[in-house]
Amino acid sequence: METTAACSGLRCTDCGATHELDAATHRCPGCGGVLELTYDYSVLDLDPVGLRARPFDGLGRYAELLPFPRETLVTIGEGTTPLVGASDWAERLGVERVLLKDEGANPTGSIADRGATLAVTAAKRHGAATVALPSTGNAAQAVSAYAARAGLDVEAFVPSRAIFDAKAMINVHGGEMSVVGGRLADAIDAFEEAVADEQWYSLAAFETPYRQDGVKTIGYEIAEQLDWRAPDHVVYPTGNGVGFVGLARAVRELRELGWIDTAPTIHAVQPEGCAPIVEAFEDGHAKHEPVEYPDTICGGLEVADPPASRLMLDAVRESDGSAVATPDAAILEAAADVAQSAGVEVGTAGGAAASGALELAERGVFGDSETVVIVNPAAGNKESDVLRSHLMSKGM
Ligand SMILES: [Zn+2]
């Protein structure tokens, strides 16, 4: 399999075993642990000066830091999303500068596109005919788009509560969809039952190592958009953890490469109705306990049993960050506030990040000369009905 010069293989995050890129496609063949890609930066032919000379035109511009050469990527122009200033929010948080990293600007409207481009490229190269995954909605929509482009079939398992736009677009892209009554856990059960009898290539979160490796590019971009100075804080709303782990990975890589001098403090935000990472963080545990009765308006964050909580908790603690939960009402209020003050359309997950930032400010986490980046993982107009009904409930 043709790879970039620096990509050296796979490493198990549980047992530490290394594997050749062709020898493992999903989890660790030895212990079943989560795999991550490894890179040998001594052969890397790229630096910030070289990047500056390239147009800011998509995730492929970082291909030397990814497993596959740019011309082989299944791409629809994902990545290179805006980093938008929000001066009203700088005032609210009592900091020098607030920037919104708007992942809603991706082709299918969410950060999942960054993972889908690499994961579908890998599936194609591994000879897959059908890719399959359980999803709260956005990842399945993203995979359906990229699989359509690659000529692969899709089997998506989404809970009945998944947002309408994602369900509709899975079908519009030609994907097969099973809408499973209940919540994400029910969709995962149905997926696992079905996948056992089929020759499907799994693109479930952390089953494939490629989704989190694609998502790491958000970290490269934030650093590059700030002229290779890390922000002081990144506030990230987290559900299954693919984005969060990808961001932490980017910070580690950029530090190792010497492209940034300091690392940002990374904070995880979850809705109070489903906050397994926050609970584990507060209790000092290395792993989460599944939430028995998840209940939040934030469908994309309603992941009661995240598959790689240890990696997320390690990342928070290594960066000296924190994990905070906020109630649904505060999340909806913050999402509407961002739309009304900064003009940026954020979904409920972006609203969670913004309300988490307010909570962190209240706790005195931010300094008045600091820069805070708030990540919006998905477009606000995917959830316009939820945001609008919040306003209507207040008589607006
Ligand atoms: Zn292993």
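Buried residues are defined here as those with under 20% relative accessible area, exposed residues as those with over 50%, and partly exposed residues as those in between (1.4 Å probe, protein chains only). The structure is a predicted model, in which local features need pLDDT of at least 70 and side-chain atom pairs count only at pLDDT 80 or more, while totals for chains, interfaces and linings use all residues. Residues are numbered from 1 along each chain as its sequence is written, and side-chain values use heavy atoms, with hydrogens and water left out.

Helices (H or I, at least four residues) and strands (E, at least two) are DSSP runs numbered from the N terminus. In helix α9, 13 of the 16 residues are buried, so this helix is largely enclosed by the rest of the structure. The expected span of a helix is taken as 1.5 Å times one less than its number of residues. For the 16 residues of α9 this gives 22 Å, in agreement with the 22 Å between its end C-alpha atoms. Gly-258, which follows α9, has a positive phi near 75°.

Helix α4 was examined in the same terms. Of its 13 residues, 11 are buried, so α4 is also largely enclosed by the rest of the structure. The buried residues include Asn-138, Gln-141, Ser-144 and Tyr-146, together with Val-143 and Ala-150. Elements covering the buried residues of α4 include α3, β6, β7, α5 (164-172) and α7 (210-215). The 13 residues of α4 should span 18 Å, which agrees with the 19 Å between the end C-alpha atoms. Gly-151 follows α4 and has a positive phi, near 75°.

A nonpolar core is a set of buried Ala, Val, Leu, Ile, Met, Phe, Trp, Tyr and Cys residues joined through side-chain atoms within 4.5 Å. The largest such core holds 57 residues, of which Leu-44, Leu-65, Val-131, Leu-203, Tyr-210 and Trp-259 touch the most other members. Elements that each supply at least two residues of this core include β1 (7-12), β3 (35-39), α3 (112-125), β6 (130-134), α4 (138-150) and α9 (242-257). The most is given by α4, with 8 residues. Contact denotes heavy atoms within 4.5 Å. Leaving aside neighbours within four places in sequence, Leu-203 is in contact with Ala-119, Val-120, Val-131, Ala-132, Leu-133, Val-143, Thr-208 and Arg-211. A second, separate core of 34 residues includes Leu-83, Leu-247, Leu-313 and Ala-325.

A zinc ion is coordinated by the SG atoms of Cys-12, Cys-15, Cys-28 and Cys-31, at 2.3 to 2.4 Å. Donors are N, O and S atoms within 2.8 Å of the metal (3.2 Å for Na, K and Ca); water is not among the atoms, so sites may look incomplete. The 4 donor atoms subtend angles of 98 to 115°, which makes the arrangement tetrahedral, a term applied to four donors if all angles lie between 85 and 135 degrees. Along the chain, the donors follow the spacing C-x2-C-x12-C-x2-C. Cys-12 in strand β1 and Cys-28 in the loop between β2 (18-19) and β3 are 16 residues apart, and this pair links distant parts of the chain. Cys-12 counts as buried at 0% relative accessibility, and Cys-28 counts as buried at 5%.

Methods:
Four donors count as tetrahedral if all angles lie between 85 and 135 degrees; four count as square planar and six as octahedral if opposite donors are over 155 degrees apart and all others between 65 and 115; anything else is irregular.
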